[in-house]
Amino acid sequence: MIDSGESPDHSGPASGAASPDTATPLLDLITGPEDLRALGHAELVQLAAEIRAFLVHSVSRTGGHLGPNLGAVELTIAVHRAFRSPHDRIIFDTGHQAYTHKILTGRRDRFGFLRSSGGPSGYPNRAESPHDIVENSHASTALAYAEGLSRAYALDGADRAVVAVVGDGALTGGLAWEALNNLAASPGRVVILLNDNGRSYAPTIGGVAAHLERLRRGERGGDRGGERGGGDLFGALGLAYIGPVDGHDPAALDAALDQARACGRTVVVHCVTRKGLGYPPAEADEADRMHTVPVSDPATGRPARPPARTWTDVFSDELLELATERADLVAMSAAMTGPTGLTALGRVFPDRVVDVGIAEQHAVTAAAGLALGGKHPVVAIYATFLGRAFDQVLHDVALHRLPVTFVLDRAGITGPDGPSHHGMWDLAMLGVVPGLRIAAPRDATTLRRALREAVSHPGPTVVRFPKADVAADVAPVARIEGLDLLRAPRRAGTLLVSVGGLATAATAAADLVAATGEECTVVDPRWVRPVNPALAALARAHRLVVTVEDGVRSGGVGAALAQYLSRRDVTTPVRTVGLPTRFVPHGGRDELLGRYGLDPAGIAAAVFDGLADTHGTDHGPLRRHPAQR
């Protein structure tokens with residue numbers, strides 16, 4: 001391991017106090033990356049402590065990614081000392097470890113509004129700073145971005161370095177290895193800063209993780225310092241390798257990055273770090289080192305309010321019950337067994353929970369293989385990440401009509417994580433897959449019911465739900481051919497078709513409409529794709545249909561229903577309340593739903609809008625929600 005000869009203290013508390021003879025904290029003197037280059041070793045150690053203290057207190061107030069950022073402080077300081085951003089380009093894979101980067105590039109004073117509307121994003125963001133170039137926060141992408149960017153600079157003859165900060169967890173993703181394969185033959189030169197803390201959320205799994213562990217122990221044959229060959233995967237590919245390096249030792253990092261900068265080809269700098277370093281509650285958290293925290297007490301790390309029961313909790317309980325009843329159920333996750341609710345199942349049936357790492361494509365096709373072998377796989381995944389495996393859903397599962405259930409957590413508006421994490425594309429994307437049934441439960445009872453129906457179905461199914469506290473049960477007043485009627489007035493006026501957890505908002509909107517003398521029938525299809533034929537008869541009996549969904553309007557449930565009614569010569573007009581086909585920013589979930597007209601007032605306005613346009617009934621100021629135009 002490269003070492004500076006000094007032994008910095010890695011275990012002290014997150015104390016941001018300046019030394020007694022320093023009037024001003026060092027962090028207050030850093031206005032940009034250039035200020036870092038004049039600091040000596042002792043000052044760098046002090047600055048890292050001040051940044052950790054700032055992160056703990058600031059992120060505890062707002063919520064956000066804490067553990068990953070605490071582990072990447074010295075590493076980020078060293079990168080900005082060795083390279084000249086933004087002339088040299090720094091790309092953070094995933095980006096949830098880029099808070100120190102934001103602090104050092106002039107955004108510290110905005111951290112009080114982190115991940116809230118109008119405040120800084122929790123990830124790099126091109127609109128915030130010229131120091132940010134990539135804002136996609138899906139993992140394993142940085143090396144491909146870096147290969148293309150460095151190739152462009154090579155073609156132009158530009159003397160600009162490209163640095164990719166990549167976690168060991170990201171190396172479990174196939175895209176990272178596709179990029180490494182190409183980097184070995186690329187004319188571009190990239191410095192790959194491998195931030196190896198042995199974790200993504202939980203400990204990193206698989207052969208690559210085992211290989212990195214051997215490298216950390218020094219079990220590597222061959223030459224060091226960038227020579228070809230040797231006993232590491234990177235050298236076998238033809239890449240240079242430097243390390244392992246103590247990722248919390250400023251002097252060792254400076255030396256390694258100076259060596260990497262002078263290297264004549266793409267080089268991997270293997271930095272060993274500790275997620276959650278310097279904050280005792282994070283270091284003691286065996287689950288994920290406080291990967292993401294809500295608003296909490298910085299002294300203890302405990303949430304400011306007791307956690308409420310979430311949709312994920314309900315799914316977790318029901319899946320465990322189903323697995324107890326059915327020996328053929330096998331659950332799969334892409335590096336997120338905890339966040340997707342598989343922990344409880346793993347404790348009871350450890351051989352029936354499979355974590356494939358950050359490899360969504362493999363998860364889906366491996367699930368197809370399990371189904372071919374007589375099992376019923378349940379693939380628990382964030383809605384936004386299933387888009388990475390659409391081809392596998394289409395051709396590896398649906399084409400073979402295999403009984404695979406996809407459980408999409410974080411569907412719809414997720415809130416503070418922003419555009420790349422909103423699960424708003426799934427209904428439109430998956431709606432074109434032949435033979436795929438999609439359920440959108442409205443509450444805990446219908447979630448349990450949908451999951452049971454899904455794993456009993458002989459073909460592919462999806463069950464989707466939001467990132468939120470689970471909704472209070474909304475009991476149906478009647479059931480008609482698989483549809484749940486939630487509100488059935490005596491006089492048919494407008495038919496409100498509610499999708500998933502928006503049922504509460506839809507019924508409240510119906511009450512607002514009723515106060516004006518209009519009436520709304522509210523129906524929950526539960527299984528929203530394919531379209532339930534019973535909706536045609538209901539639509540025919542009403543003078544307006546308004547669908548309400550937390551996905552994009554284009555190609556979503558409302559669009560599918562309108563096409564279905566048209567093919568059956570049902571002339572009742574259809575209005576769709578949903579999200580626009582553009583990237584929705586970060587902010588509070590309820591705030592964003594209101595902004596896009598998916599709260600009771602917005603839904604009521606859409607009803608009045610539709611009545612005015614089709615029947616000339618004007619309800620004045622309650623009409624025309626701008627987001628639905």
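Analyst: Start with strand E6 (residues 267-272). Six of its six residues are buried, so E6 is largely enclosed by the rest of the structure. Buried means under 20% relative accessible area, exposed over 50%, and partly exposed in between, with a 1.4 Å probe and protein chains only. Helices (H or I, at least four residues) and strands (E, at least two) are DSSP runs, numbered from the N terminus. This is a predicted model: local features need pLDDT of at least 70, side-chain atom pairs count only at pLDDT 80 or more, and totals for chains, interfaces and linings use all residues. Residues are numbered from 1 along each chain as its sequence is written, and side-chain values use heavy atoms, with hydrogens and water left out.

User: Which residues point each way from E6?

Analyst: In a regular strand the side chains alternate between the two faces of the sheet. Here Val267, Val269 and Cys271 point one way from E6. Val268, His270 and Val272 point the other way. All of them are buried.

User: Which strands pair with E6, and over how many bridges?

Analyst: Two strands pair if DSSP finds at least two bridges between them. Strand E4 (residues 190-196) runs parallel to E6, joined by six bridges. Leu193 stands opposite Val269 there. Strand E5 (residues 240-246) is also parallel to E6, over five bridges. In that pair, Ala240 faces Val267. From E5 the chain passes through helix H9 (residues 250-262) to E6, a right-handed β-α-β crossover. Right-handed means that, with the strands pointing away from the viewer, the path from the first strand over the helix to the second runs clockwise.

User: What does Val269 touch?

Analyst: Contact means heavy atoms within 4.5 Å. Val269 has 1% relative accessibility, so it counts as buried. Leaving aside neighbours within four places in sequence, its contacts include Leu193 and Leu194, Ile242 and Val245, and Ala256 and Ala260.

User: Now the core. Which residues of the largest one touch the most other members?

Analyst: A nonpolar core is a set of buried Ala, Val, Leu, Ile, Met, Phe, Trp, Tyr and Cys residues joined through side-chain atoms within 4.5 Å. The largest has 36 residues, and Leu386, Val404, Phe406, Leu408 and Leu430 touch the most other members. Elements that each supply at least two residues include helix H13 (360-372), strand E10 (376-382) and strand E11 (405-409). H13 gives the largest share, five residues. Not counting residues up to four places away in sequence, Leu430 touches Leu386, Val393, Leu408, Leu436, Ile438 and Val462. A second, separate core of 32 residues includes Met424, Leu486, Val548 and Ala606.
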